[in-house]
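Subject: Handing over a structure, with notes

Dear colleague,

I am passing on the structure below, and I would be glad if you could look through it alongside these notes.

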Amino acid sequence: MRLEHIALWTPRLETLRDFYVRHLGCTAGPVYVSRSRPFRSYFLTFPGGGRLELIKQPGLDAAPSADAAT
């Protein structure tokens with residue numbers, strides 16, 4: 001079995017992209033900005049294959065409410 005890619009939602013899109021590029025040797029593609037939904041993403045390619053998609057959308061950095069913990 002081979003995974004094509006995994007998606008990871010993050011409030012720190014560029015910071016996380018830079019981490020994977022600097023410390024894990026990934027290559028980052030250009031930023032993708034959706035025209036139909038409010039999100040941006042980067043595809044990162046690992047040196048040995050496999051890709052990671054980092055995604056950010058508005059409101060993702062909001063703290064979860066107390067109700068979300070129950």
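Predicted model: local features only at pLDDT ≥ 70, side-chain atom pairs only at ≥ 80, totals over all residues.

**Overall layout**

Residues are numbered from 1 along each chain as its sequence is written, and side-chain values use heavy atoms, with hydrogens and water left out.

Of the 70 residues in the chain, 21% are buried, where buried means under 20% relative accessible area, exposed means over 50%, and partly exposed lies in between (1.4 Å probe, protein chains only). The accessible surface of the chain comes to about 5300 Å², and 57% of that belongs to carbon and sulfur atoms; accessible areas come from the Shrake-Rupley method with a 1.4 Å probe, and for residues only the protein chains shown count as cover. Among contacts between residues at least 6 apart in sequence, 41% join residues at least 24 apart, a contact being heavy atoms within 4.5 Å.

**The helix and what covers it**

Helix α1, residues 13-24, has twelve residues and reaches 16 Å from its first C-alpha to its last, close to the 16 Å expected at 1.5 Å a residue, the expected span being 1.5 Å times one less than the number of residues. The buried residues of α1 are L13, R17 and Y20. Because these residues cover an arc of only 65° around the axis, they sit on the same side of α1; the arc is that of the directions from the helix axis to the C-beta atoms. The face of α1 turned away from its buried side carries the exposed residues T15, R22 and H23. What covers the buried residues of α1 includes β1, β2 (27-28), β4 (40-45) and β5 (51-56).

R17 deserves a separate word. With a relative accessibility of 18%, R17 counts as buried, and, not counting residues up to four places away in sequence, R17 touches A28, Y42, L44 and L54.

**Salt bridges**

Side chains of opposite charge can pair when their charged atoms come close. Taking a salt bridge as a side-chain nitrogen of Lys or Arg within 4 Å of a carboxyl oxygen of Asp or Glu, the count comes to three salt bridges.

- R51 and E4 meet through their side chains at 2.7 Å, N to O. This pair links distant parts of the chain, with R51 in strand β5 and E4 in the segment before β1, 47 residues apart. R51 is partly exposed at a relative accessible area of 31%, and E4 is partly exposed at 41%.
- E14 and R40 meet through their side chains at 3.1 Å, N to O. This pair also links distant parts of the chain, E14 being in helix α1 and R40 in strand β4, 26 residues apart. E14 is partly exposed at 28% relative accessible area, and R40 is partly exposed at 29%.
- R17 forms a salt bridge with D18, the closest N and O atoms being 3.0 Å apart. R17 is the buried residue described above, whereas D18 is partly exposed, with a relative accessible area of 32%.

**After the helix, and the surface**

Just after α1, G25 takes a positive phi of about 70°. G25 is also among the residues in contact with P47, which, leaving aside its neighbours within four places in sequence, is in contact with L24, G25 and C26. P47 is found in the loop between β4 and β5 and counts as exposed at 62% relative accessibility. The C-alpha atoms of P47 and C26 are separated by 6.1 Å, although these residues are 21 residues apart along the chain.

Lastly, M1, L3 and I6 make a nonpolar surface patch of about 420 Å². Patches are made of residues with over 30% relative accessible area and no salt bridge, like charges being joined within 9 Å and nonpolar side chains (Val, Leu, Ile, Met, Phe, Trp, Tyr) within 5 Å. I6 has its place in strand β1, residues 5-9, and counts as partly exposed at 48% relative accessibility.

With kind regards

Methods
Helix = DSSP H or I, 4+ residues; strand = E, 2+ residues; numbered from the N terminus.
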